[in-house]
Structures are given as structure tokens and as C-alpha cells.
Amino acid sequence: MEEEGSLVQPLTTTCDPNPPFQFDLTSLSSAQALLLNPSTSIDTIHSTVDSLLVSLPHLSTNATSLSLALSVLAQSAPRHPSLSQSIVSSVRSLINGQDRTSSAVLSALLSIATSCHNEDGSSILTSILDEDLVLSLASSGVYKIRSRILRLLVFVVGRWKCSGKFLTDEVMVRVFLRFTGDIYPILRRDAIDGLCEFLTVARDGVDFCVPECCLERAIGLIGDDDEFVRVAAVRMVGLCGEMLGEKENGVDKIGQMDTIFTQICSMARDMSVKVRIEAFNALGKVKLVSDAVLMQSLSKKILGSKNGGKSIIKLDKASKPCAAGAYIHGIEDEFYVVRKSACRSLGIHAVMSIKFADDSINYLMDLMNDDSESVRLEALDSLFRMTAQGCLNVQEKHMHMFLGLLTDMSSLVRHGARKILQLMKLPKLEIFKSTVNELIANLEKYPEEEEGIFFSLFSLGKNHREFSLNVAKDLAKQIKRTSKGDLTFAKPSMAATLVVCIASPLSENENVPDTPVVLFSYAVPLLGRISRALQGTFDQHFLLTFLLDHSNIKWKSQDLMPEIASKGISEDLMQSVIKFISKSVGDAWSLIKGSNGNDAEKFLRSCMKELEIISLNASQAAITTLDFFSKYIQILQLISKIQCKFDSRNSTTFHIKSHHILLEKLDSALRKIRYSFTGWTKEVECHILELSLLVDVFTFSLARIPSNEHLKNLLSKISHLEAISCLSDFTKEIKRLIEERSSVMVNLHSLLKVFECSGLEFVREMKPIKAELKVVGDDSENPLTFVPGLPAGIRLWITLHNTSSTDRLWLHMSVRGRRPQYVFLDLSNFEGSEEVRKCSSLIPFYKTPKIASFEIRVCIVIECLSEHYEVLKERDGPKYDVTELSVEKLVYFSSVKSR
Amino acid sequence: MAIQCLILGAGQEVGKSCVVAMIGGKKIMFDCGMHMGFSDHRAFPDFSLLSSSNDISCVVITHFHLDHIGALPYFTEVCGYNGPIYMTYPTKALAPLMLEDYRKILVDRRGLEEQYTYENIIHCMNKVIPIDIKQTIQVDKDLLIRAYYAGHVLGAAMIYAQVGEEKMLYTGDYNMTPDRHLGAAQIDRLSLDLLITESTYATTVRDSKYLREREFLKAVHTCVAAGGKVLIPTFALGRAQELCILLDDYWERMNINVPIYFSAGLTIQANMYYKMLIGWTSQKIKDSYTVRNPFDFKHVCPFERSMINLPGPCVLFATPGMISGGFSLEVFKQWAPSDKNLIAIPGYCVAGTIGHKLMSGKPTRIDLDKDTRIDVRCQIHQLTFSPHTDSKGIMDLVEFLSPKHVILVHGEKPKMAALKQRIESELGIQCEYPANNETVLVPTTQSLKISASKTFVRNCTTELDGDERIAEGILVMEKGHNAKIVSEEEFLETIGAERNVVSFTGWVSPLAQ
């Protein structure tokens, strides 16, 4: 602030009015620097401004200095609003001075006013301007003065309502009107903008004759030579049209609107893009136009019927030819912005006149072929609004182009087209069918849009009861014809058609007796997908009840009270769904046996998807079952893959390695399913054991010369099976083969054939065996510390579910690239019952590497005691194969030194 | 003052466009075309009507079509015109191709005598000064010309000429609606004394182009979807690119994988020119050019003759149009007998060509010559694309420019008469359609600079009457002096007269009725 002091000194002395400090250009610029510097103190600013104000009258002889001084003051005003008032009141006297002075004063006023908050700005102006002053300035011969007072007025008029008025409305309008005839185009434009602003602000309060008067002037100006004036004039015509349309007056309104409409239409052929855009925007604003004129705007040829309306404004040309083909030109325009604007206003009028809608649909449909995506979207939007208003009357000729949109590159366009289809009324069965097919094509090409497509199909089916019934009957016939196990219904097209068929019975309870029962039962497995698409329309529970009710699946309806349903799907209901799925899974076996590997895989994948969706809403108990099924399906997928490989190995190259990998995966998946659940029924346990026998058979046939170890293992499993229940054909066959010492490999196919998928229907009341791990005080941001080479401790919270005291659990810890370390978990250290055991303990990790930081993967594993014995290389590790019970956790360590 | 227009060609006919206008004492020749229908002296404009070929200030060519440029080498090399020749860059690039192509056909195929040689063409083109759109060229001290975008074909321009206060515009051929590759004609508001406009479609009002596009795309799509082949016989420049952009776009949007072929030759060369001259195409192409050149068609594959009979659907653009011979005829012979295939004929076909036969009713067989007979079982689709503006477009342009006088050229007499009627009645503009070799005199307005006395100006600013400013003064024109406007008092002072006031009083009798 010291440097500032030296400058302030001479300035403060100037406060003395006698004699005032004479500002020259240098001192003015230092004053400017002071005022603009944000760290200048308030006192300094005040004194600087004061001295500037005092010296203003003396500067008036030197116009350059005066205008500079004024601009300095104007610049400082927005930074220091408190000074505005004093600045304004001292420049007031200068306003009537020389031309240059008053223009400088006006520009200073303008910048002060614009920088103020809304009301302040205009009240400042109100305080110094009055009618006489404005009128004398407005009629000045100097362009600068006129332009600035005009800009001030435009500024004020925008805030007309919230400030005191220094001009009456009438005078204001007159001044603007006068400016619209100015010789400078920019003033004409500003004046029109001012009038528009006035009309918008004063909207309802304005007298009827004002918009009429403005309209007349604007029409006079739409032929202006200057592009910007034409743009503004067209905008004003549109605005006046809008206002006059809303106001009630005695005049023949339609005639008046027709005149305005045709006037704007005549601008649709202007050479300036901006004018054309504005013209189409304005066309959208003019309502209540007669059909005749609207129709004329769609035809380049002059139509025969007579224009009935009389116009209040005399036109020098017949109004009809002006309107001819305006929209055609608009949608054919070279610039997409114009086409877009034309399209929007076309849509606005189409909603209001049915006759016009019928004709304009041709053009809107044609716009689907436009090269600009935004135009296509705008056209779709217009079509959508027309559909929503019920004035879309589609014809066959449009459908090719329209349905093409469903396979369009752009997802927005596809979405837009589907949105329209949801509301559309289709006239013919053929069109309905081709629409459904096109939606299916959409689904096949873009499966990620399934939800939207299903919803469109549903709405389509709902809106066309007769047609969808027809489709339903065809589908039922098709289902009857196909043999069992032919899983065509896994195809997306089948799912899509089913949605169409169940739509109308579902939404209105109509068509129910006519719709073939088989369709409802086929729709049950698709429940998840359908209900996701119909979110917000029907809840999943209702849907399921409905489908089960009408299908031939037996279930207990009393379980399904609506109150319960809202909380989730009941257990029994879930069981029946699961049973249905398990039956379907059984079907997959027939595909695997029949070497239909690809079909089976596809089918299993879709089953998996269903399970995922259903489990979102399922209860805790059901989740266990669903989890079991998903694990089971994984096993089937692997078996199907292996089966495929075995089939192909005679024909093509045979990669033993990949078989081993698959078998290894299968083996571990089986282990996982066996040790992740408890509470098996006898049947399920047998089935799982048989599956593991199957794995052994695969391994066997691959090894060609089976080891004794393998044989022993196999026999022990068979004897285990024998102990549980009587042997199945499959097990008997294996037993026979082993006893006969014949090659299992040769009989692989016959073995598979006798393998039966049974016991799955008994899946119930299982409990998951699982563990939860929580590492205390560690995350990647705040790792645990360690001293390299010395053991480190990890504090863990362990929760175990459904473990028995005979289970052998281990903590598996591994660092990438190193041998894992196992720590035995003694269950006696845990608290709680068999259901839940909890324990917190500090586990040591011995082999900390000699690096700055590392991470350990920790998880809890269970030893698979019934599996074949295998000597593991770790001395202090599990003796049998293990399978994971918990999710792997990462524990981060950083060395003490690096901290 | 007046503009004197000598119509050397395209007066009440289509062909050999050539107008010589004398404006402000300067003679300008607009276009120098030939008539394709004649091969004798009538093919060229009658240059003998010009007193001397070298009193012409400049020749301006609007575009490269032969009926606008065909006689240029003859005029410069044979008649000996030596002055400047102006044309746009694309026209300069493409004109020699067209001229040489035509010369070859004339000499090699029809065995006629050539009017000018290849060297003549090259020599003539060397004299050409290229101009750009909206570039103003000061031809000499008084005469300036400016080119405006005309659509129609690549590089087509409308020519504005001005000498002093006299202004005129010669449109050449133009199109008021944009197509897929060219924009619409674009012009400023000019207060013209004379507008010379083409009037090819003086009475036709064309429907929306979308309808034509939709039908074309549907026909092609249905055909290829059913495994058929589509033949589009077209000329190398313009239509081929227009349709190909349309198809390429549609293919892209609809994910269609059917190949589109271009028969080799001029078309590929033409595509190259289009790629270079992007600035002369439509806004859309200019916009998308920043991402990729739209003339690098994504779905167009290279074509070989052996591919004609390959199985599977395809679309083929083959030259020449109208199936008048050459490659398109060869393909037509192979494809016409299958009912799966489609022949799409864009535009007009001259009588006698196969294209014309196909368009005028569906024939079942065509006898090519004594021994060759083609069974026509394929579908035929006719396209009515035209790069000329329709009557609505002409009227719109005339209305927008509002010239004082209109002359119609390049059209058919009865239709021109109808259009003249409309221009005169609806727009109130005087209009004429002279025949060839006629001269029209168009009067022009002349503006005169006058000075105003101070008193008069002061009176103007003070005598305000509401919104209207009415000033009264007296115009004084003296020999040897500038015209001057003075106030009443000043006038009285200069002539030394006194003001006399005569007043009248009237009586109205209450019983008069």
C-alpha cells in the first residue's frame, strides 16, 4: 500500500474544488489503474472517483479526455456499486452537452446500468432520464447518440415491470417504431429487438393495438436489405402472430392469422440461412391458421380452394402464392438447421389440424431418410407428438422407411422409432407382422436394447388385440409342431413373439380364453426378462401369478397373497419356478447327450441369465437354492464343452492339454458344489456323486491307461453310492466295465446315454457353507507395516456359516509368484453354534518378502475330505484338495522403512 | 441509357446458350455453347452477327456443359477472339475433358469433320482466367463481374455484371433446391436492371425430392434384399455422385453389405475431381469433409468386367446414361433377362436409345440389331432427378431479386410464354423471351448526383411531421452546373422574384344539396 500512497497524495489534494486538479491523459490512466486494481483501498477509490467527478465539468472542453474520464468511471462502477449513484448524478448535467459528450455519457450510463443488478440498473436510468430528454436524444442527428439511447431503452424495456417508468408505454413503443425506420440497419434491428422485448415483457398488459401496430411495421421490414433486420423482423412477425392468436378481439382471427402465416411463409425462400431458420421458428408460433393455407404450405402448386379469411393488413400480393410450398422448401433445405426448424414447426401444426397431419406425415416420414441425424430425431419427435395426440394416420407406403429406422445405426433413432411404435395404431395385420419382425431384427442386431424392444412389443400387442391373437395362434401351432427338446424358444425371436402374445391378455384381461395356454407356460421362464421390460407397469409378482394362473403349471395359489408379494417372491412360488427351471435344465441334458453342444450351451447361458435376474428379488433361502442351480449350470456348461471336445477329437486335431484344463475346471466346480452346501437330500447327493463319477470317466478315457489310484478312487465312490442308495444304471454300468476290465473310453457314448439327470427336483432346504473374512485396519491407502524378513501379523474377523466340527478349515495366504502359506483354523477357538461361528484372531504371515511393499491374497478354504488323497508339497498344509469358502481378500503391506 | 441484349443462342430453345449484352458501352458474352442436335453450321451461334469478335470486353462461361461451352474453342481459335475468358475453377478443370470427349465422339464415331482440334482446346483453355464464388473481378476500368453459386453442376455460377449504375445478372443453369452433393443457388439482394434467367422448366412444379429418393431407395433395397442386381446407367458427372451418396448413406445407416460398383473410366476420374473441389459442393458435404471425404464412398468396391456374372446382389453405376452403347449396354444385355434384377434410369433419355424404350412402356423384348434380341424381364425404375430449377424456383428467384426487367432464355417457346405471363401479372415485372439472333433493348434507370443547399437541409430537419419527414424544395438544373435542390426562399432569391400569394374563398350554400 505504500506505492499507492504516493499516487493518492496529489489526487486527494484535488478534492479542494478551487482550483480542481487538471486531469491529463496520463493521470487519467493512473486513476484507471487505481480503480481497477482489486487491492486499492476503499478510501483511495472514493477520493479518486470524487476528484474525477469534480473535474468532469472542466474537462468538457476536451472531448477526448472527457470520454476517457467517463469510461474510467463507467469501468469502476461495476466493481464498486456504491459509487454508481454518485457517478450517475454528476454526469446527468453533461448529457445535454456536445454530441461527443452526450454519447460518451450515454455509453457510460449503459455500462453502469448493465453492470448493476436488475432493478438497480433501470432505477438508475429512471432517475436521470425523462421523456423530453429521451425524445430529444432519440431525434439527434448523430448516429452514436441515437444508437446509445436506443440501446439504453432496449435495456430498460427488458426490466420494464420492475422499475419506475420514465416513459409511458405508448411513448416507448412510438420511439421504437420511429427507430425501425432509421437509416442505419443496426438501429432498425435494435429497435425491433426492443419492441419484441417490450411485447414479451408486457405480454398481457399490453393494449391490443400495439401488437397490431408492431406487426404492420414488421411486415414492412421483412423485405429489408439487411439480413439482420430481416431476421429480427421475421421474429417480431412471429411474436405478434402468437400474441394476436392468444388475444380475444372482434376481428376475424383466422383471416388475420392466415395473413401473418403467409407473410412468414414468403420468407421461407430467403437467401439467408438465418432468416429461413427464424421464419420456420416463427411459423410454429402462429396458431389458428386455416386448413387451406396450411395445406398450401405443403404444396408448391397453387391449390384450388378459396381462402376465406379477410386480412386486416392490406397485402400488395395475393397471399396464396407466398405460402405455396413453404414447408417443402424448408425440409428440402441445404442446411440441416433450417430443416430441423421446419420439421419442428411442421410437427406443431400437424398436431392442431388433422387434415394437415394426414398430408404432413408423408414429408415427416420422408425425412427419415435425411442425412443428418438431428433432423431425423426432430422428425421422430414430431411424429411422436402426433401419435400421442392420435393424429398419426400411417399408411403402408410409409412403413418400409419407418421400420428401417429400427435397424438404424444410431441408438437414439432406434429408440425414437420404438417410442412411436408403442403408441401407433397399425391398419393391417401384414403391417403388424412386419413391424414385429422388424422389432425382432432390431433385437437380434442390438440385444442390449432388449428391455426397450420388449416394452414396445408389449405395447404393440396391447394396442392391437386382434392382430396379437392371430400371432399367438400361429405361435401355438408352431410350438405344437416342434418336438420336445428342440429349444427354439431359447431364440430371442421366440421370446419377443411371446411378449406380443401375452400383452393384451395381461393388460386388459381380454383375449385370455382365446390365447393358447401353452404360451403362458412358455412365458414363465422368461419372467425375469419380461418383468424387467415392464418395470413400472406390472410388478414381477403380478406377472408371475398371472402367467402361472393361466398356464398348465400346478401351484398353490393361496401362497400368493398380494401383500406378501410386494415384499418379494414367496418361497413356494420360487420353488415352483425353480422346479420349472430344473425341468428345463433336464432338457439340456438331452441336448448334451444328443451332441447338440452349441444349442445346449446357448440354452444354458439363457438359463443362467434368468437365474441372475430372479435372484435379484429372491429371499435369503431362495438365494441358496438359486446359487446351487447356478453352480450346477456351470457344471453342465463344462460337461457340454468337454462332450463337444470328445466328439470332435476323432475328426480334428485333438488338444489333450485343453481337455485337461477343462476337466480340472469341472473337477474343481464339482468340489465347490459339494462343499459349499449342506443339508443335501439323498437324491441330490447321489446325483452329485454320479456327476463326479462322470468326471472320473472322462479323465479315465483321456488317460487311456488308467492308474490304479484312479481305479481305487472310482471304486470307493461307487461303494459310497451303494451305501446311500441303490445304484443307478449308470453306476452299475461303470461297475460292470471295471469288473470286466474293458476300456471305459470305448463305451463313453453308451455310458453317457444311460446317465440320467435325476434328483434335481429334490433340491430344497439346503444351507450354504460359507465364510466371511474381514481384515482389521487395512486398505490400499493405509497398508499394514512389516519388517522385511520378519513375520507380520494380520488381524482378521472370521465368520463361518454352517460348518460342522469335523470340517477342516484353513486360511490360505499367498503372495503373487510364491508358494502359499496355510494356517489351520481350529474351530474350537470360535464362538457360537454350528450355524454361525465367529472369531477374531491375529494370524502370522511368516515369509514376508524383502521388498518395500506387497499384497497378500487371503481366503478361507475347506479340505475336501472325501476326495482322493493327494500328498501336497507343503509340510504344514492340507492333505486333501481344497475349495474356497470365502471371497478372496487383499491385504496390503508396506515396509517400515518406506514409511 | 439501356442494356442491349443480342441473343445468339438458347432463344426460345434449349441448346447453344450464348447472350451478348452491351451494358454501359461494354460488351460481355455470357456462355458460348453449342447445339447438340445439329452437326452443321446451326450447331454454333451465328458469330457473324457480331461486328467484330474483338470488341467484346470479356467472355464468361457459367458451367462446363457443352451447350454452354461447346463453341468456345471455335470462337477463340477460329473466329479469333483474343480477350479475357472467365470461368470458375471447377469449370476450367472439367471443361477440357468434356470438350475433348465430345470432339472424339464427333470425329471418331460419327466420322464428321471437326470444328476445332485438340490443340485448339488446349490453347483456348490456356487463356481462361479462373474466378471464385463471390469474387469480384474488375475486368476493366468500368466493368466488374462477380460469380454467385448456382447449384446445377459442380462449378456452375451465375454471373453478375455491373458498369457504373447499370447492373445485370445472367443465371446460366441453376437449381434452387439443393441435392445430396450440391447446394442451392445463392445470391445477394441486388437491385438489378436486367435478369437473364434460364427457363427449362418454365411451367413444371416439381414435388418434394424426398418422395423420389424414398421410392428409389425402396426399389433398390427390395431388389438387393431379394438377391437381385441393380444397374444404374448414368453419366459420369453429377447424377452418379448424387445417387451414390444417397446409396452410400443408406447402406451405412441400414448396415447393408451389398457391394456398390462404379464402372471404370470417366466416373472414377470425376470422383477425383469432386474430392478435390469439395468447396463447391453442398453444406453437408463440406461439414462432413472435416471427418472424411464423402466422395471416398465406404461401400463402393473396385469393379472388373469379369464381375458382371458373379452370383449375389450388387449395385452397378455404368456409363453411358440412356444405355446408348458401351459398358452400360453390355451389362444390360446380361442382366435384363432376370426378373430379380432392376434397371434404374435416372433422368431424361433421348428418343431412340434403349433407355427411352424402357421408359416409354415396359417392353418384353428389345431388338438390338438383326441378330441380337434381348428379353427384358427385369424390373424398371424411373427416376426424375433434374438439376434444373422448376417454375416455382424461377419465380422465387425473380421475386427475391425483383429486377426491373427479365429476359427468359434456355426454354421452350410456349412454356416461356406462360412464365412471362406469370412474371408480369404476379410480380409486375416486365418480361421478354426473344428468339435467336434478336436484339432486346432494356431501358435502365440513371441516377444523378444533386447537391442540396444548407437552408433546404435545415428545413428538412426541422419540418418534422410525426413519423414522416416531408421536405419541400425546388430542383434547379442549369446548363454547366450541377443539379441542386434549394428551398423556396432561396429559389425566389436566385431568380429575383417576389412571392405572390393568391387566395381563394369559396362559399358553400347550405341549400346546395
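In chain A, helix 19 and helix 20 cross with a left-handed sense (the near helix is turned anticlockwise from the far one by less than a right angle). The model is predicted, and local features need pLDDT of at least 70, while side-chain atom pairs count only at pLDDT 80 or more. Residues are numbered from 1 along each chain as its sequence is written, and side-chain values use heavy atoms.

The axes of helix 19 (residues 336-352) of chain A and helix 20 (residues 354-366) of chain A come within 7 Å and cross at roughly 145°. Here, axes are lines fitted to C-alpha atoms, for helices over the stretch in contact, and angles run from 0 to 180 degrees between N-to-C directions. Helices are DSSP runs (H or I, at least four residues) numbered from the N terminus.

A second pair in chain A, helix 12 (residues 209-221) and helix 13 (residues 227-246), packs at an angle of about 150° with the axes 8 Å apart. Helix 12 of chain A is therefore roughly antiparallel to helix 13 of chain A (angles over 145 degrees). The crossing of helix 12 and helix 13 of chain A is also left-handed.

Turning to chain B, helix 4 (residues 118-126) has Asn120(B), Ile121(B), Cys124(B) and Met125(B) buried (under 20% relative accessible area, 1.4 Å probe, protein chains only). These buried residues line one face of helix 4 of chain B, because they fall within an arc of 125° seen down its axis; the arc is that of the directions from the helix axis to the C-beta atoms. On the face turned away from the buried side of helix 4 of chain B lie Glu119(B) and Asn126(B), both exposed (over 50% relative accessible area).

Conventions. Chains are lettered from A and ligands numbered from 1 in the order in which they are written. Helices (H or I, at least four residues) and strands (E, at least two) are DSSP runs, numbered from the N terminus. Angles under 35 degrees count as roughly parallel, over 145 as roughly antiparallel, 65 to 115 as roughly perpendicular and the rest as oblique.
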